[in-house]
Amino acid sequence: MRAGDEFFMAQAVALAKKGWYTTHPNPRVGCVLVRDGQIIAQGWHQFAGQGHAEVNALAELERNKQSAKGATAYVTLEPCSHFGRTPPCSNALIEAGVTRVVVAMADPNPLVAGQGIKRLQEHGLEVRVGVLEAEARALNPGFIQRMETGKPLLRCKMAMSLDGRTAMASGESQWITSAQARADVQRLRAESSAVLTGIGTVLADDPSMNVRDERFADLTSQRLRQPDRVIMDSQLKISPDANILHQEGQSVICTAKSSGQQTQKLQALEQSGALIEYLETETIAGREVLSASALMTVLAKHQYNEVLLEAGATLGGSLLRAGVVDELVVYMAPHLMGGEARGLFNIPGLDKMSDRIELDIKDIRAVGRDVRITAKVLRNKQAGM
């Protein structure tokens with residue numbers, strides 16, 4: 001490794017983070033062009049369909065009437081080698097006269113998967129792979145998981161009292177947590193491709209599930225990207241007038257195939273802009289529910305990288321039991337709500353200690369007067385894993 005490789009790659013990682021809330025469904029990528037130990041241009045990917053990080057860095061050089069000949073490119077993800085919405089970045093680097101490319105990690109996308117690196121090498125460029133790879137992988141956990149497993153990263157957000165309650169027995173739940181914690185949830189929504197919820201939450205609260213905090217707008221255009229909304233509604237109980245269907249972005253309603261008989265309701269929902277997805281059902285603990293594996297297939301089909309589950313105890317518990325939840329983000333408020341209040345998750349069938357769903361706590365920190373716990377969900381026997 002040459003002196004300075006890690007330093008300049010760290011700069012590229014920092015650039016990639018500027019597109020944290022806007023690149024869906026593409027990965028977050030940064031690029032730094034260096035010659036004679038000096039940064040001569042830099043770029044990052046902002047929106048799908050627009051220039052990739054490498055192209056944006058080269059465009060900066062062009063605007064400044066400079067050349068990339070003899071330069072080294074530091075890129076957080078392997079330059080693409082295929083024609084998608086934009087031409088291959090590997091070609092752009094070759095044509096610009098770059099002589100060395102340092103790549104943090106190979107692209108797990110099967111359309112690339114080493115072909116970009118191979119093309120660069122075939123044209124005589126020196127290529128080094130694996131500089132700050134861990135930092136680069138942390139930029140795109142959902143994209144990497146979707147490319148490697150065919151399933152997006154599913155993150156479940158919950159709010160509870162110190163005694164593990166999410167609502168009073170009457171259903172009253174506003175507000176369990178502080179304004180600071182609710183602002184942090186805006187961050188989770190903003191970095192998600194989609195927000196997933198259940199019909200129970202829609203009927204009870206008529207939520208919008210959108211991002212309202214301008215802090216998460218694109219730094220350059222000030223554009224605030226909205227995540228899609230996905231609603232689990234096996235019997236099509238949702239109203240065409242529901243707030244969640246009338247936000248920027250796509251609304252996807254997942255329902256049971258048998259519900260397809262409600263022709264007029266379907267037409268009204270489709271006229272409101274909703275997309276209907278039909279899922280198989282399965283029986284879990286005596287209840288017929290929409291298939292969790294079918295749901296994950298639909299989420300991947302829509303190219304969602306990170307999905308935020310904001311739902312009640314039943315849907316959250318069902319998806320946990322099915323083994324499709326990857327991460328929990330739990331906000332714990334400093335108060336007690338009593339034994340009659342509603343619990344965090346309804347997970348039937350956990351009868352023995354060996355049935356427990358194991359977690360690996362990754363982070364605990366204060367958010368306002370609340371505590372945020374982030375935990376990875378480990379493989380569990382209930383999911384047959």
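Me: Is glutamate 126 buried, partly exposed or exposed?
Reply: This is a predicted model. In it, glutamate 126 is partly exposed, with a relative accessible area of 37%.

Me: Which side chain does glutamate 126 meet in a salt bridge?
Reply: That of arginine 2, at 2.9 Å, N to O. The pair links distant parts of the chain, 124 residues apart. Glutamate 126 lies in strand S5, and arginine 2 in the segment before helix H1.

Me: Is arginine 2 buried, partly exposed or exposed?
Reply: Arginine 2 counts as partly exposed, at 45% relative accessibility.

Me: What about lysine 157 and glutamate 310: buried or exposed?
Reply: Both lysine 157 and glutamate 310 are buried. Their side chains meet in a salt bridge of 3.4 Å, N to O. Lysine 157 is in strand S6, while glutamate 310 is in the loop between strand S14 and helix H11.

Me: How many salt bridges does the count come to?
Reply: 21. Some residues are linked in a network, including Arg28, Glu306, Asp363 and Arg372. Aspartate 363 and arginine 372 meet at 3.6 Å, N to O. Arginine 372 counts as buried, at 11% relative accessibility.

Me: New topic. Why is strand S18 largely enclosed by the rest of the structure?
Reply: Because 6 of its 8 residues are buried.

Me: How many bridges join S17 to S18?
Reply: 8, and the two strands run antiparallel. Aspartate 360 stands opposite lysine 376 in S18. S17 and S18 form a hairpin with 2 residues between them. Glycine 368 in the turn has a positive phi of about 65 degrees.

Me: And in which sense do S15 and S18 pair?
Reply: Antiparallel, over 6 bridges. Valine 330 stands opposite isoleucine 373 in S18.

How values were computed. Residues numbered from 1 in each chain as written. Predicted model: local features only at pLDDT ≥ 70, side-chain atom pairs only at ≥ 80, totals over all residues. Heavy atoms only, no water. Buried < 20%, exposed > 50% of the residue type's maximum accessible area, 1.4 Å probe, protein only. Helix = DSSP H or I, 4+ residues; strand = E, 2+ residues; numbered from the N terminus. Pairing = 2+ DSSP bridges. Salt bridge = Lys/Arg side-chain N within 4 Å of Asp/Glu carboxyl O.
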